[in-house]
Amino acid sequence: MKVLVIGGGAREHALCRSLSQDPSVTELHCAPGNAGIAQVATVHPVDQLDGARVAELAATLGADLVVVGPEAPLVAGVGDAVRAAGIPVFGPSGAAAQLEGSKAFAKDVMAGAGVPTARSYVCTTAEEAAEALDAFGAPYVVKDDGLAAGKGVVVTSDRAEALAHAASCERVVIEEYLDGPEVSLFAITDGTTVLPLQPAQDFKRALDGDEGPNTGGMGAYSPLPWAPAGLVQEVLDTVLQPTVDELRRRGTEFSGLLYAGLALTSRGTRVIEFNARFGDPETQVVLARLRTPLAGVLFASATGTLDQLEPLRWDEGAAVTVVVASEGYPAAPRTGDPIEGLAEAEADGTAYVLHAGTKADQDGRVLSAGGRVLSVTATGTDLAEARDRAYAALDRISLKGGQHRTDIALKAATA
């Protein structure tokens with residue numbers, strides 16, 4: 001199988017790493033890729049938002065499968081352009097990707113499907129936003145209706161800050177605050193069959209102790225030893241399958257990766273948000289534990305044959321990933337600095353480094369090229385061992401001004 005992956009972050013590096021280890025994959029390509037992906041796939045400098053160019057590249061390569069990683073190309077309809085060229089795509093249509101592209105659309109789908117979620121108001125004026133904030137009270141949850149690369153949500157007890165965020169967006173969804181721990185659950189679907197993966201937890205705040213601004217994610221771990229028994233089946237029955245069924249009923253069939261961000265509240269499990277693609281950095285730990293070869297699973301989603309797959313096989317151990325971010329992230333990330341110690345971090349074979357915002361210079365040095373730069377990932381027999389290995393590997397890496405959290409999976413590993 002010849003596979004083309006679209007994207008250039010740590011999620012795509014994780015996907016490419018797993019695909020490169022799949023014996024059924026004879027050629028692996030990525031556009032645009034990054035310095036780390038270039039070590040396992042042939043990279044191509046194509047604009048990932050240009051559906052015609054992506055479809056042209058896929059056809060030229062003779063790709064049997066195109067895997068669209070990030071949300072922006074999905075919402076832009078890149079998958080539709082590739083499908084129109086007769087090539088199977090892992091990822092939803094532009095219309096179905098509105099499940100992530102519009103918070104208001106997602107709320108409407110959840111209402112139609114009877115999916116448990118927070119009560120909310122869609123607001124387009126300052127007056128509407130003020131009324132919604134006062135209706136729910138603090139802490140305030142204000143979400144940009146459109147795509148914001150994981151940083152469009154403000155959760156605050158400061159009413160002025162909440163109003164300011166609402167004013168900065170064309171349209172916002174203001175909703176009640178959901179208490180309780182958060183869980184990320186991915187599911188692969190072909191529009192009918194829904195195949196849940198293993199749950200993970202990510203860390204959105206920039207600083208230890210869940211302090212600081214929201215980010216795209218500073219680390220993740222899997223499994224969740226504290227999660228209630230039967231959680232995956234409950235979410236499949238009450239959230240994932242009803243959502244896929246509702247979208248099919250509307251004539252907007254959803255195939256690809258359906259991500260449910262969940263809160264385990266005192267009143268039961270509630271959906272915080274949906275995404276239409278693998279989440280970053282949770283993908284890094286979920287794929288680290290997946291033992292079933294990945295290409296066949298993604299191809300089954302793209303071709304409507306998920307019901308014919310054997311049950312997925314999982315490593316019984318644990319995985320932890322820690323994100324190394326550049327100085328100034330998330331507000332004003334510094335780029336262009338050399339990264340050293342990458343080979344040393346992987347030398348003992350207990351951890352590996354997935355590249356997010358990196359590029360290679362003319363001399364072959366790896367430089368920082370984004371806010372989140374690396375995901376240092378390790379597995380172990382349990383969370384404590386995986387965590388120790390990830391941080392030991394991270395200690396061998398140097399990046400001027402680089403920052404990371406020191407408490408990823410700490411509470412779960414020591415409980």
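The questions and answers below concern a predicted model.

Visitor: What is the volume of the second largest pocket?
Guide: Rolling a probe the size of a water molecule over the atoms shows where empty space is left. For the second largest pocket, the computed volume is about 240 Å³.

Visitor: Which residues that line the second largest pocket are the closest to its centre?
Guide: The lining of this pocket consists of 14 residues. By class, three are charged, four polar and seven nonpolar. The closest to the centre are Ser18, Gln21, Leu287, Leu290 and Arg291.

Visitor: What is omega for the cis peptide bond that joins Ser222 and Pro223?
Guide: Pro223 sits in the loop between β15 (219-222) and α9 (231-249). The bond joining Ser222 to Pro223 is cis, and its omega is about 5°.

Visitor: Is Asp210 buried, partly exposed or exposed?
Guide: Asp210 is found in the loop between β13 (205-207) and β14 (211-214). Its phi is positive, near 55°, although Asp210 is a residue other than glycine. The relative accessible area of Asp210 is 46%, and values between 20% and 50% define the middle class. Asp210 is therefore partly exposed.

Visitor: Is Ala409 buried or exposed?
Guide: Ala409 lies in the loop between β24 (398-399) and α14 (410-414). Ala409 is not a glycine, yet its phi is positive, about 65°. Its relative accessibility is 1%, and the cut-off for burial is under 20%. Ala409 therefore counts as buried.

Visitor: Which residues are buried in helix α11?
Guide: An α-helix has 3.6 residues a turn, so residues three or four places apart point the same way. Helix α11 covers residues 294-303. Those buried in α11 are Leu294, Ala295, Val297, Leu298, Ala300 and Ser301.

Visitor: What is phi of Gly304?
Guide: Gly304 follows α11. The phi of Gly304 is positive, near 75°.

Methods. Residues are numbered from 1 along each chain as its sequence is written. This is a predicted model: local features need pLDDT of at least 70, side-chain atom pairs count only at pLDDT 80 or more; totals for chains, interfaces and linings use all residues. Side-chain values use heavy atoms; hydrogens and water are left out. On a 1 Å grid over the protein atoms alone, a cavity is a set of points where a 1.4 Å probe fits but cannot get out, and a pocket is an open set with protein on both sides within 12 Å along at least five of seven lines; lining residues have an atom within 4 Å of a point. Grid points are joined across faces, edges and corners, and a volume is the space filled by probe spheres set on the points. Ala, Val, Leu, Ile, Met, Phe, Trp, Tyr, Cys and Pro count as nonpolar, Asp, Glu, Lys and Arg as charged, and the others, Gly among them, as polar. Helices (H or I, at least four residues) and strands (E, at least two) are DSSP runs, numbered from the N terminus. Buried means under 20% relative accessible area, exposed over 50%, partly exposed in between (1.4 Å probe, protein chains only).
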